[in-house]
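Dear colleague,

I am passing on the structure below, together with some notes on what was found in it. Please look through the coordinates alongside the text.

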Amino acid sequence: MECVKRVFFGGLMLLVGSAAGAQGLLMWEDGEGSLKFLLEERARWEIRRDADFKEDIEDSNAFVGNRLRAGLDLQLGTAFRAFAEGQDSRHWGADAAAAKISGRYSDLRQAYVEVRGLGGVGGLSTRLGRQELAYGEER
């Protein structure tokens, strides 16, 4: 039964994910703001052979790595934004413990609020919370 649930919900997430994509599925919009639902699904087949470079230990493995991210992006005018995103990461066909984040498969990935135009200054803004940081060319 657990396998049937995984296949059903996995298929449902792929269908919704294709609609939500990187741009997001617009749930609400008017002249003052918008609310988007974001969904990203990634499945990747991996084969690892002799991962520790010790031939006397058999440590070859093949598995599917799966990552699902879902979030909400609320924009109110040009001055306020609230963003939240969760992530579920699992390995199928291998030792699942390697995919756990802090002992769990699912975790809050990002959650922040952003305020722009502080004190009436156009270029002054702040973003508070748990966020992804980008450095340089992101390589």
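Through how many residues does a hairpin join strand 1 to strand 2? The hairpin between strand 1 and strand 2 runs through two residues, where strands (E, at least two residues) are DSSP runs numbered from the N terminus. Please keep in mind that this is a predicted model, in which local features need pLDDT of at least 70 and side-chain atom pairs count only at pLDDT 80 or more, while totals for chains, interfaces and linings use all residues. Residues are numbered from 1 along each chain as its sequence is written, and side-chain values use heavy atoms, with hydrogens and water left out.

Six strands make up an open sheet in the order 1-2-3-4-5-6, with antiparallel pairing; two strands pair if DSSP finds at least two bridges between them. Strand 1 (25-30) and strand 6 (125-130) stand at the edges and each have a single partner strand, so one side of each is left without a neighbour in the sheet.

Strand 1 pairs with strand 2 (residues 33-48) over five bridges, and E29 has S34 in strand 2 as its bridge partner. Strand 2 is joined in turn to strand 3 (residues 61-76) by 16 bridges, with R42 opposite R67 in strand 3. Strand 5 (residues 106-116) is joined to strand 6 by six bridges, and Y112 stands opposite G129 in strand 6.

W92 lies in strand 4 (residues 80-92) and is partly exposed, with a relative accessible area of 38% (buried means under 20%, exposed over 50%, partly exposed in between, with a 1.4 Å probe and protein chains only).

Technical notes. Helix = DSSP H or I, 4+ residues; strand = E, 2+ residues; numbered from the N terminus.
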